[in-house]
Amino acid sequence: MKKITTFFALTIFAFAFNACDAVDELTKIDVDTTITEDLVITIAEGETTFSESASISIDDDDVQDNLDKIEDLQITKLTYEIVSVTGTADVIASGSFTAQSSTYPWFQATDGTTVNLTTAANAGTVYEIEVDQSLVDAFEADLKSGATATLSASGTVSAAPVTFTVRVTADVKVTVDAI
């Protein structure tokens, strides 16, 4: 009889742990959202360098209400594109994005690391950041620690004055434990 009682006690104990895991899974909320931020970069006449930063945040209410309960955050896609250029035409630019202490070279063109801003804007080329996982990891860490990340763009241009807009888009999946 003791063996049967022990068996039933262990079975109930095992079911109790499985039930806790099932309840934990039910309290998780997966939020898929897209973050878009425009960096407007202006280079005055006689200048050739630029540096611009933007705070990028997750504006979803479920995420904002549960920042301390974020279990996982994944950037499923991170892209940028030159959406407009005014001023001097056919300016050649090179530069990089920085998030935290990680840097990613941008303006990846087939012939090197520079691009004609006017051509890129007119073509509507979207560049995907997929080569440097450390930038994506740093961006994720910033967002996970406060749902806001600072993304900076810096570099040089061949001529000025010029103003151009770089649109950064991140597809983000956040898992929040609501309890």
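Modeller: Two strands are taken to pair if DSSP finds at least two bridges between them, and strands here are DSSP runs of at least two residues, numbered from the N terminus. With that in hand, and keeping in mind that this is a predicted model, the part I would examine is strand β9, residues 162-177.

First, its setting. The chain holds four helices and nine strands, which follow one another in the pattern α-β-β-α-β-β-β-β-α-β-α-β-β. Of the 179 residues, 37% count as buried, and of the contacts between residues at least 6 apart in sequence, 84% join residues at least 24 apart. Strand β9 itself is mostly covered, since twelve of its 16 residues are buried.

Turning to the sheet, β9 belongs to an open, four-stranded arrangement with the order β1-β9-β3-β7 and antiparallel pairing. The edges are taken by β1 and β7, each of which has a single partner strand, so one side of each is left without a neighbour in the sheet. Neighbouring strands of this sheet are turned by 20° against each other on average, direction ignored. On one side, β9 is joined to β1 (residues 28-43) by 16 bridges, the two strands running antiparallel, and Ile 43 has Val 162 of β9 as its bridge partner.

The contacts of Val 172 bring in residues from elsewhere in the chain: leaving aside neighbours within four places in sequence, Val 172 touches Val 31, Asp 32, Thr 33, Ile 35, Ile 58, Leu 73, Gln 74, Ile 75 and Thr 76. Val 172 is also among the residues with the most contacts inside the largest nonpolar core, a set of 36 residues, where it is listed together with Ile 43, Phe 97, Phe 164, Val 166, Val 168 and Val 174. The elements that give two or more residues to this core are β1, β2 (49-57), β3, β4 (92-99), α3 (117-123), β8 (148-157) and β9. Of these, β9 gives the most, with eight residues. In soluble globular proteins, nonpolar side chains tend to be buried together.

Phe 164 and Phe 50 form an edge-to-face pair, with 5.5 Å from centre to centre and 90° between the planes. Because Phe 50 lies in strand β2 and Phe 164 in strand β9, this pair ties together parts that are 114 residues apart in sequence. Both Phe 50 and Phe 164 are buried.

The other pair is formed by Tyr 80 and Tyr 127, whose ring centres are 5.0 Å apart and whose planes stand at 15°, so the pair is stacked. Tyr 80 is in strand β3 and Tyr 127 in strand β7 (residues 126-128), so that this pair links distant parts of the chain, 47 residues apart. Tyr 80 is buried, with a relative accessible area of 2%, and Tyr 127 counts as buried at 11%.

Conventions. Residues numbered from 1 in each chain as written. Predicted model: local features only at pLDDT ≥ 70, side-chain atom pairs only at ≥ 80, totals over all residues. Heavy atoms only, no water. Buried < 20%, exposed > 50% of the residue type's maximum accessible area, 1.4 Å probe, protein only. Contact = heavy atoms within 4.5 Å. Core = buried A, V, L, I, M, F, W, Y, C linked by side-chain atoms within 4.5 Å. Phe/Tyr/Trp six-rings, centres within 6.5 Å; stacked < 30°, edge-to-face > 60°. Axes fitted to C-alpha atoms, helices over the stretch in contact; angles between N-to-C directions.
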